[in-house]
Amino acid sequence: MRKKSIGDRLLSILIWTTGSLVYLFLTIPVLVIVLSAFSPNAFPEFPPTSFSVRWFHEVVSNPEWMESLRISVILLFIVTPLTVLLGTMASYALARLSFKGKEAVQAFILSPLMIPQVVLGIAMLYLFTAMGFTGTLWALVIGHVIIGFPYVVRTVGVSVSNLDPRLELASMNLGAGPIRTFFRVTLPLIKPGIIAGGVFSAVTSFGEISISLFVSSPQTITIPVRTFNYIEQTFDPSVNAISVIFIIISIIALLIIEKTIGLSKVM
Amino acid sequence: MSGIHLEHISQHFGEQIALNDVSLTVNEGEFFSLLGPSGCGKSTLLNIIGGFLEPTKGVVYIGDQDVTALPPYQRKTGMVFQSYALFPHLTVFDNVAYGLKVQKKKKAEIKEKVMESLSLVQLEAFAKRMPHQLSGGQQQRVAIARALAIQPSVLLLDEPLSNLDAKLRKNMQTELRNIQRNVGITTILVTHDQEEALSLSDRVGILGEGRIQQIGTPLEVYRQPNNRFVAEFIGQVNIFEAVYNEADAAFTVPHVTHSNGQHLQLQAAAHQEKREKQLLMLRPERISISSEREEVKPNHVSGVLSDVSYIGHSLRLVVGLDHGEIIVHDSDTAFPELPKVGETVHIHWQPEDIVFLDSKVHT
Amino acid sequence: MRIKKKNQRFHWFMLLPACLFLVVFLLAPLVMMLVLSFRDVDSMMNTLQTYSFSQYIHVFTTDAYVKAIGSTVWVALQTTVICLLMAYPAAYVLVKAPNPRLRAFFYILLVSPLLTSVVIRTFAWIVLLSQNGLINGMLLDLQVIEKPLSMLWNMNAVIIAYVQVMLPFAVLPIATSLTDMDRHLRPASMSLGAGRIQTFFHVTLPLTIPGMVTGAIIVFSLAAGSYITPLLVGGRMQPLLPLSIYQQVMQVYNLPLAAAMSFTLLVCVLVVVSLLSYLLKRWEARMHA
């Protein structure tokens, strides 16, 4: 649409201004956190008067934060492969099967995203207590996998729907069985979806708090949980430094996702 | 009801020039086709007429009014799109009534006009249906009814039949022509299908590389193409290079040898530019095949048959010459037995069937 | 046919692990909690072996809890409406961005908050809104106010933080709806005489209903179930059901009551989500074969 009368022009300006303001609103936390992280004071000022990295030093030299980092990273390396495995398999199966009630199963697989996390949290707490391993790393693993793998299901689902099923048919025509076909033909072609899903799941696990807060113990405090405790109890400004690290991680993650399958298709 | 007049329309998209100094006039009540290959700028031109694009240069007149600066909703144009663009959330009735509701017409008047429009396309019974319940052809007819309901000055159609299958397309072409004659509205059709353009239009405008290559009636454009582009785009054609021979005051075609062994000679008409080189065209259906040598024929050439295709009502033969080949279309009835590949065949044509092509672009 | 059978077995085999995992670790605990919600507790918060509706009665007869249910739904509704209103221009701008670099930039602005922890995002509001935070600091410096404003520890702060956290979930489905629209529909409407505003209300808006409803479903469920944000920004005293649940679990240790509250919450969310889903289905049926 290139035709613009005065009224149209005003309308355009209005829309773009409002839209941009909304994006500004979305970005405020990031700006605030960056400001805080590099400010020498506990509370940042605007405009900023000086620049300091003392909070980063504090984080790195604090054994508690380092322990939490260790836990979060270990979790990451266990949870991500699991979610990728479960999610990819489920997503592919759902795309290739058709049966009565398939929609219900699909909803079931994606349901962890829709159930209020407070409910999920206490349900898991109860289950793990009954099974005897609440407070262990495995409790956290299970919790993170439950809310992480639906993301993989979704992103792999996008890749699979872009995959021409006739490629698999061709492969089987040439004598390869379904397993071989899956590994030789399907998997390489849905790699983008898997990578994007893995990244989403990893970042979600890294930042997960709603369930972790319920099922963690003093031995398994992840970074988000420790952040929460600090904010609640002490207000240690080194939280700012952690936040900046999170933001950097999320932007890198986004770039990876954009490079692999393109953000527009993921959500 | 108005005519359309375009003056020196140019459209630039950054570095790319989509339309280069296009001027044309469409007469009131005329069915005019804009014909050209994909990417030649014809849809761009239609969008400019409809008001969806502001031309980089030039003026658009609808009737006597300069509408160049007017947005689409202030022009009285009705547009039909290739994808039908029916509002999926409205019934057929509401789709057709849409423009009338915008004009704030009274309910009774709207109903009358909508049913009138629908009867033009014979879809009155479908008024309560939703677009997704209709077939492609039916959707297209609703799109036409919707555009006509607002009684526009001009009807613009952007490749409206491209999404239909061949048979349906033919039927819709006839219907379109009938509706247009019925209503008498100035119509501009954009298409890349030259058969469609030739069969439906009063006049055809051929666009190539952003310029008008020729405007004329279907007959003119087919029989007297201005240049190679037009000749090759419309129908099938044989094209030769001719060289002017001062001594003989005639053109010879170096690559085509007469049956008597000499180079083919063509008498040049008095006004014909005596250029060094000239392009000639010869339509395949103007060539006849004879199995015996008939010396009397003025243009008589022999060659070896390299391909035969039987299309039912006609044959397409490719005859290999000393240099190059000639395509011949002849009717089925001329051949009690089909000729075989590898046979020597003799072909001939009338001298007046040869058309000299200018290399000029015409507006 | 043999190929098909072999395939089917393979595919079912692929589906099984995820389903099993969910049944054991999602369905089972939920069912267990449902059962738990019907147990009684004694004065020492020990769970007894008897079953009854006592927990539910407790929930629905205690003023504080009833208020919490109401305000949870009300806050979630407000959040949803505000999100939808703000999401529309953002989605429009995203879709109409004139070049792909700008569009990618907007995407990053939109999606990167989602990948940071909700703690971080909420924390930023504390830094902004607290008495010695950024906004108060600026206003004091500019001498617009004399004493710091108290902007935290109330429901409005919670809603603002909610909107900021959940806005992307509303923007993305609406953006998808906008791009899914046949690109000739707007020109068609304009060629029939409708201006841009008329075209928006008659054509664009109705056709983005699926996106808006989808966004509403996501935002509502998130808002109704959040507890971290209100804890940090609203203060423990806010009447919200998720907060009550958190309290019962982490401080009072009354698990059956918490379970009853959880299921009440779940039912509320399910009712609203089902209603919206039903409306969505009806609309889609009208528009598609």
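Which residues in H7(C) meet which residues in H10(C)? From H7(C) come C:Tyr162, C:Met166, C:Phe169, C:Ala170, C:Pro173, C:Ile174, C:Thr176 and C:Ser177, and they meet C:Pro210, C:Gly211, C:Met212, C:Thr214, C:Gly215, C:Ile218, C:Val219, C:Leu222 and C:Ala223 of H10(C). Two residues are in contact here if their C-beta atoms, placed from the backbone, lie within 7 Å. By class, this contact has 12 nonpolar, five polar and no charged residues. Nonpolar stands for Ala, Val, Leu, Ile, Met, Phe, Trp, Tyr, Cys and Pro, charged for Asp, Glu, Lys and Arg, and polar for the others, Gly among them.

Before going on, a word on the model and its labels. This is a predicted model, in which local features need pLDDT of at least 70 and side-chain atom pairs count only at pLDDT 80 or more, while totals for chains, interfaces and linings use all residues. Residues are numbered from 1 along each chain as its sequence is written, and chains are lettered from A and ligands numbered from 1 in the order in which they are written.

**Helix pairs**

Helices (H or I, at least four residues) and strands (E, at least two) are DSSP runs, numbered from the N terminus. Two packed helices are described by the angle between their axes and the distance between the axes. The axes are lines fitted to C-alpha atoms, for helices over the stretch in contact, and angles run from 0 to 180 degrees between N-to-C directions.

In chain C, helix H7 (residues 155-180) packs on helix H10 (residues 209-225) at an angle of about 155°, with the axes 7 Å apart. That makes H7(C) roughly antiparallel to H10(C). The crossing of H7(C) with H10(C) is right-handed, a term used if the near helix is turned clockwise from the far one by less than a right angle, with anticlockwise giving left-handed.

Helix H3 (residues 63-96) and helix H6 (residues 137-162) of chain A have axes that come within 6 Å and cross at roughly 45°. H3(A) is therefore oblique to H6(A), and their contact divides into 17 nonpolar, eight polar and no charged residues. H3(A) also passes H6(A) in a right-handed crossing.

**Chain A as a whole**

Chain A has 12 helices and zero strands. Its C-alpha atoms fill a box of roughly 70 × 70 × 30 Å along the principal axes. The domain assignment, automatic or from a database, gives domain 1 (1-52) and domain 2 (62-265) of chain A. Six residues from each of these two domains of chain A make the contact, and the side of domain 1 that touches domain 2 has five nonpolar, one polar and no charged residues. The C-alpha centres of the two domains of chain A lie 31 Å apart.

The contact between chains A and C takes 69 residues from chain A and 72 residues from chain C. Helix H1 (residues 6-37) of chain A gives the largest share of chain A's side, 16 residues. By class, that side has 53 nonpolar, 12 polar and four charged residues.

**Sheets and domains of chain B**

Chain B is divided into domain 1 (4-233) and domain 2 (238-357). Each of these domains gives five residues to the contact.

An open sheet of six strands in chain B runs in the order S6-S7-S8-S3-S9-S10, with mixed pairing. Strand S6 (77-80) and strand S10 (211-216) of chain B stand at the edges with a single partner strand each, so one side of each is left without a neighbour in the sheet. The twist averages 20° from one strand to the next. Helix H4 (residues 136-149) of chain B lies across S6 and S7 of chain B, running at about 170° to S6(B).

Strands count as paired if DSSP finds at least two bridges between them.

| Strands | Bridges | Sense |
|---|---|---|
| S7(B) (residues 154-158) and S8(B) (residues 186-191) | five bridges | parallel |
| S11(B) (residues 238-245) and S14(B) (residues 277-282) | six bridges | antiparallel |
| S14(B) and S20(B) (residues 355-357) | three bridges | antiparallel |

B:Asp158 stands opposite B:Val190 in S8(B), B:Ile239 has B:Met281 in S14(B) as its bridge partner, and B:Leu279 stands opposite B:Leu357 in S20(B).

Key. Angles under 35 degrees count as roughly parallel, over 145 as roughly antiparallel, 65 to 115 as roughly perpendicular and the rest as oblique.
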